[in-house]
Amino acid sequence: MADRDRQGLRAILAVAVIAVCAAGLISASHEISAERIERNIAERMMQSLHEVLDPSLYDNDLIRSQVQVIDPDLLGTTDSVQVFLATRGGAPSAAIFASVAPRGYNGAIDLLVGVDAEGVIQGVRVTDHRETPGLGDQIEISISDWITGFDGTSLSDLPLPQWAVTADGGQFDAFTGATVTPRAVVQAVRDTLVYFDENQAELFERAAAAEADAAGAEMATVSDPARAPLP
Amino acid sequence: MNGAGTHFADGFWRNNAAFVQLLGLCPLLAITTTLVNGLALGIATTLVLIATNSVVSLIRGALVPSVRILIFVLIIASLVTTIDMLANAFFHDLYRVLGLFIPLIITNCAILAQAESVASRHRIDRAALSGLATGLGFAAALVMLGGLREIVGSGTLFSGMEFLLGEAARDVYLDLPYDGMLAAILPPGAFFGLAVLIAARNYLADRKKPDPARREAAAIRQ
């Protein structure tokens, strides 16, 4: 009896020691890596923003002039969507939407859509998806250049019904074996353009305010709060 | 020397995790749509196998039999999580390719089987060697199945090599004069491909060393 108790105690002790070691290992590696992971992600974010918007088209700090918007019908998600508003010389020049194509073959497809102030697509990229490898994954730029077919298109030179895959009577090619995936992406890009068209002015106003706020906050932290400049 | 060689052959060929033990089929079937995908998962799995086998072997003296499986799972899960985070931080480009596969490794029972049957009973050098052999055997299976499905399914080979080996490797890409049969890329193709490869391995193994039991069974049937 005492022997069995001792066996049980040893088992509990062994598991506890291993669990503590495992937790220590994980939190140590989290400590070492968390900051770098965040920096890698931010760097990658900037890289992908530059893929959908030429850096020469703006001169503001994109990461700072971002706003969150919610529009489940046009932006594809009930969550808030990040929008980066680009300006050049103070004038609105472009916007990048992190919109979502909700009806992919295997769930939602995350996109980045760059649109200039005239509503012309500057670039579209897929940032995350779970489409079938070898089929739907041709929406990735690394696998096929299909996604560049959006460059230079706009609502004004392509009427709304033409914003569909060829199988639905539209302008955009689907690829072999997959219609659902391109259809979802085309719809999402079209809806993003519609949203931008309807909300452009308000978006840039909000971004300007956000950017001013961020700049103000930085001033306040740098200088003595008591001597912060009056508004 | 001979012992090490036998041990290696055991993990790589005689008890190949994928073709003989049929372990780790979840990542095996899910990932092998191209040769490069298979290779990437194979490399990641091999690294995890060596690490878990070494750690399990080091603490084997303190193992309590009734809770050993729990301890193995704790070790495997925490090592894989650590590798996942460190790779994300310090090898970010590689992580963008392998990152998808690393969490899948936890579902690979071949790792648990190695911990249980080899690592908890042998010295660290032998445990690590066995992990290496099993990992390479699994990787070879992944590469063959991935290559087979890519050739039959897409009519290409080595697509995506540049993610693993850098831009210079883009040129090894092969485009065969054949459009591909979709079924091979879809899940059923994974099962058919695996069946073909297991049959091929059994044929080779039988030819090399006729199994007396099997010959006997054939004789009785006649």
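## Working through a two-chain model

β5(A) and β6(A) make a hairpin with 4 residues between them, and A:Gly119 in its turn has a positive phi of about 85 degrees. This is a predicted model, where local features need pLDDT of at least 70 and side-chain atom pairs count only at pLDDT 80 or more, while totals for chains, interfaces and linings use all residues. Residues are numbered from 1 along each chain as its sequence is written, with chains lettered from A and ligands numbered from 1 in the order in which they are written.

**Exercise 1. Work out how β5(A) and β6(A) pair, and how many bridges join them.**

Step 1: get the elements. Helices (H or I, at least four residues) and strands (E, at least two) are DSSP runs, numbered from the N terminus. Here β5(A) covers residues 107–116, and β6(A) covers residues 121–128.

Step 2: count bridges. Two strands pair if DSSP finds at least two bridges between them. These two run antiparallel and have 6 bridges; one pairing to look up is A:Leu111 with A:Val126 in β6(A).

Step 3: check burial. A residue is buried if 20 or more other C-beta atoms lie within 10 Å of its own, exposed if 12 or fewer, and partly exposed in between, with C-beta atoms placed from the backbone. In β6(A), 6 of the 8 residues are buried, so the rest of the structure largely encloses this strand.

**Exercise 2. Find which strands β2(A) pairs with.**

Step 1: look at the turn. The β2(A)–β3(A) hairpin has 2 residues between the strands, and A:Gly89 takes a positive phi near 55 degrees there.

Step 2: finish with burial. Of the 8 residues of β2(A) (81–88), 6 are buried, so this strand too is largely enclosed by the rest of the structure.

**Exercise 3. Say how many residues of each chain are in contact across the A/B interface.**

Step 1: apply the cut-off. Two residues are in contact if their C-beta atoms, placed from the backbone, lie within 7 Å. That gives 20 residues of chain A against 22 of chain B.

Step 2: sort by class. Ala, Val, Leu, Ile, Met, Phe, Trp, Tyr, Cys and Pro count as nonpolar, Asp, Glu, Lys and Arg as charged, and the others, Gly among them, as polar. The chain A side splits into 12 nonpolar, 6 polar and 2 charged residues.

**Exercise 4. Decide whether α1(A) and α4(B) are roughly parallel or roughly antiparallel.**

Step 1: Axes are lines fitted to C-alpha atoms, for helices over the stretch in contact, and angles run from 0 to 180 degrees between N-to-C directions. The axes of α1(A) (2–52) and α4(B) (68–90) come within 8 Å and cross at roughly 10 degrees.

Step 2: classify. Angles under 35 degrees count as roughly parallel, over 145 as roughly antiparallel, 65 to 115 as roughly perpendicular and the rest as oblique. So α1(A) is roughly parallel to α4(B).

Step 3: check the residues. This contact has 17 nonpolar, 7 polar and 1 charged residues. Buried residues of α4(B) include B:Ile71, B:Phe72, B:Asp84 and B:Asn88.

Step 4: check the span. The expected value is 1.5 Å times one less than the number of residues. With 23 residues, α4(B) reaches 32 Å from its first C-alpha to its last, close to the expected 33 Å.
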